[in-house]
Amino acid sequence: MSVKGTNGRGKGPGRGSSDLRRADASAGAPVDKPEGIRNVALVGHSGAGKTMLLEALLAAAGTIPRMGSIVDGNTVSDAEPSEIHQQRSVVLSVAPLVYDGVKVNLLDTPGYGDFTGELRAGLRAADAALFVVSAVDGVDAATTALWAECAQLDTPRAVVITRLDHPRANFEAALAACQRAFGQSVVPAYLPVRTDGSVTGLLGLLSGQVSEYDGESPEPAVRDASADERAAAESERGTLIEGIISESEDESLMDRYLGGEDIDADVLVGDLEKAVARGSFFPVLAASAETGLGMTELLEMLTRAFPTPLERAVPD
Ligand SMILES: Nc1nc2c(ncn2[C@@H]2O[C@H](COP(=O)(O)OP(=O)(O)OP(=O)(O)O)[C@@H](O)[C@H]2O)c(=O)[nH]1
Ligand SMILES: [Mg+2]
């Protein structure tokens, strides 16, 4: 395993205003205490975009000044000579970042089948898994099997559909592939917003706000969704809310919802985060490492919804 010397010194941008606002008291805890740490393994098939996603997250959090690339062989994670030569990950790498006062240790695992020992080591060391799925390629059998393995252990999980800038990217097809492979509890928390056919923003299904990314600034500009955008997302929003409510510890919530009550977005966000940390609900996010789209939403999810090492169940 290689541990990268980024030291998590980046301060990161301030809080965005996307859907996953802080609901748990541990966010903002000192980074030298377990409460202020998240250990997250990036998993998924070779070429899905894990190493570039890590690079984009480090850049968005301000840990590195700019992104390297696989072709140039200068990414933080793929720094071994064999990785630069093969243009893919070979060993497990750990790179820390700090966002909103929380230290996230990201474990970049190799997707290629020859290196499953490194993948296993990454999953053992992590408290949660982020499944990275390419919007161009979908889900392979090995990733489906890995999801089932994590399900047996109740590992907290989320999915990010990445490479959305690619000309052949198809978010809807990739999402459908994820739901076939991982089950119907895999539900989008954000939907892509397109300008002239290209994905330029994300619509937060709980907040009803759109984060627009310009490809330059790591911080999105946030605006209210238009009436058309809201109408187009209505069915996904209903599915998300019903999924969160059915996992909520507050049993009165479902009756209130079915009775027509408009449940407060903050309550839903809090319940979503708790269900993710318990390993019973799996949000889907959307991203492009190339343009930086979705990095704020991902950083918020990693720091606010994923569990601290203290919440990890002790194996029997
Ligand atoms: N256009 C575009 N290309 C991307 C993006 N993310 C990754 N790529 C490209 O896809 C290829 C594979 O990306 P990696 O990040 O190395 O994939 P990986 O999941 O780490 O692959 P392994 O290390 O083999 O498991 C590289 O050529 C990347 O430049 C993206 O968001 N947009
Ligand atoms: Mg890699």
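A backbone N or O atom of S89 lies 2.8 Å from an oxygen atom of ligand 1. This is a polar contact (a pair of N or O atoms within 3.5 Å). The model is predicted: local features need pLDDT of at least 70, side-chain atom pairs count only at pLDDT 80 or more, and totals for chains, interfaces and linings use all residues. Residues are numbered from 1 along each chain as its sequence is written, chains are lettered from A and ligands numbered from 1 in the order written, and side-chain values use heavy atoms, without hydrogens or water.

**Contacts of ligand 1**

- S46 places a polar side-chain atom 2.6 Å from a ligand 1 oxygen.
- A polar backbone atom of A289 is 2.9 Å from an oxygen of ligand 1.
- Protein covers 85% of the 640 Å² of accessible area that ligand 1 has on its own (Shrake-Rupley method, 1.4 Å probe).

**Shell around ligand 1**

- There are 19 residues around ligand 1 (a heavy atom within 4 Å).
- S46, K50, S89, G111 and D165 come nearest to ligand 1.
- By class, the shell has 5 nonpolar, 9 polar and 5 charged residues (Gly counts as polar).
- Helix α1, residues 50-60, gives the most to this shell, with 3 residues (helices are DSSP runs of H or I, at least four residues).

**Second largest pocket**

- Ligand 1 sits in the second largest pocket (more than half of its atoms lie within 2 Å of the grid points).
- A pocket is an open set on a 1 Å grid over the protein atoms alone, with protein on both sides within 12 Å along at least five of seven lines; lining residues have an atom within 4 Å of a point.
- The volume of this pocket is about 470 Å³ (the space filled by probe spheres set on the points).
- Its lining has 24 residues, and G47, A48, G49, M52 and I70 lie nearest the centre.
- The lining divides into 7 nonpolar, 11 polar and 6 charged residues.
- α1 gives the most to this lining, with 3 residues.

**Largest cavity**

- The whole structure holds 1 cavity of 30 Å³ or more (a 1.4 Å probe fits but cannot get out).
- The largest cavity has a volume of about 40 Å³.
- S69, I70, G73, T75, D78, E83, I84, Q87 and R88 line the largest cavity.
- This lining comprises 2 nonpolar, 4 polar and 3 charged residues.

Key: A polar contact is a pair of N or O atoms within 3.5 Å; within protein, one must be able to donate a hydrogen and the other to accept it, and residues adjacent in sequence count only if both atoms are side-chain atoms. Helices (H or I, at least four residues) and strands (E, at least two) are DSSP runs, numbered from the N terminus.
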